[in-house]
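I opened the model and kept notes on what I looked up. The entries follow in the order I made them.

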Amino acid sequence: MTRDPPETETSAGGRSPCPHCGARDVGGEDGCNEFFQEVVGREFSRPEIFQVHRLTVDAYSLQHPDQYMKSAKSAVAHLTGMCWAMEGVDDPSVSNSLSRFLEGTPKFTRPEPVPPPGKRGELTIVDVHSAPDSMEHIKRVREWARMAWDSWADHHAQARLWVEEAKVKGRSRKGHR
Ligand SMILES: [Zn+2]
């Protein structure tokens, strides 16, 4: 009598892929999240790579919208944060403006449709996790984030409008501390 090999996470065929970002051999969404937590831990422990931490969170969220962009507000937050980072808005106050914008505008509609699994960028958290040093870590986060952002191309125009709106609101609040 023959039996199919059990589909355990340690079977010879490797572990299951992440159903959200498509990372291979990670052990499903929980395993993928462990990679993410380790990368975040690394960013908190090395000052020289902390500069890309926000980008890491936004990129991971854009590849895992069912987990991290469930509410309209979180979706808008990650899209605008990524837009701000990717399109080089050269204004240090924009980050604060975005926070105020998100707090002050209660009604958002969640951007739909989200890019389907498998079409959220070729690089994943696993590629960042395997970076051998800090320089490579930063480089890979930037490439990965660019791909994740590109996969949301249908929503770029809307994200830019939100960023502009946040900037205007930020300016109108200048002088207040
Ligand atoms: Zn994943």
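Which helices do the buried residues of α2 pack against? I looked this up in a model that is predicted. The buried residues of α2 pack against α1, α3 (65–68), α4 (72–86), α6 and α7 (134–151).

**Entry: overall content**
I took the secondary structure next and got eight helices and zero strands. Along the sequence I read the pattern α-α-α-α-α-α-α-α. The protein has 177 residues, and 33% of them count as buried. I then looked at contacts with a separation of 6 or more: residues 24 or more positions apart account for 65% of them.

**Entry: α2**
I went back to α2 and noted that this helix is mostly covered, with nine of its eleven residues buried. I listed the buried ones as Leu55, Thr56, Val57, Asp58, Ala59, Tyr60, Ser61, Leu62 and Gln63.

**Entry: Ser61**
Why does Ser61 count as buried? The cut-off is 20 or more other C-beta atoms within 10 Å. Ser61 counts as buried because it has 21 C-beta neighbours inside 10 Å. Leaving out residues up to four places away in sequence, I found that Ser61 touches Tyr68, Met69 and His78. For the pair Ser61 and His78 I noted a sequence separation of 17 residues and a C-alpha to C-alpha distance of 6.9 Å.

**Entry: α1**
I turned to α1, which runs over residues 28–45 and has 18 residues. From its first C-alpha to its last, α1 reaches 26 Å, close to the 26 Å expected at 1.5 Å a residue. Which residues of α1 are buried? I found Cys32, Phe35, Phe36, Val39 and Glu43. These residues cover an arc of only 100° around the axis, which puts them on the same side of α1.

What covers the buried residues of α1? The cover includes α2 (53–63) and α6 (125–129). I then checked the face of α1 turned away from its buried side and found the exposed residues Asp30, Gln37, Gly41, Phe44 and Ser45 there.

**Entry: cross-check**
The buried residues of α2 have α1 and α6 among their packing partners, and α2 and α6 are included in what covers the buried residues of α1.

Conventions
Residues numbered from 1 in each chain as written. Predicted model: local features only at pLDDT ≥ 70, side-chain atom pairs only at ≥ 80, totals over all residues. Helix = DSSP H or I, 4+ residues; strand = E, 2+ residues; numbered from the N terminus. Expected span 1.5 Å × (residues − 1). Buried ≥ 20, exposed ≤ 12 C-beta atoms within 10 Å, placed from the backbone. Arc of directions from axis to C-beta. Contact = placed C-beta atoms within 7 Å.
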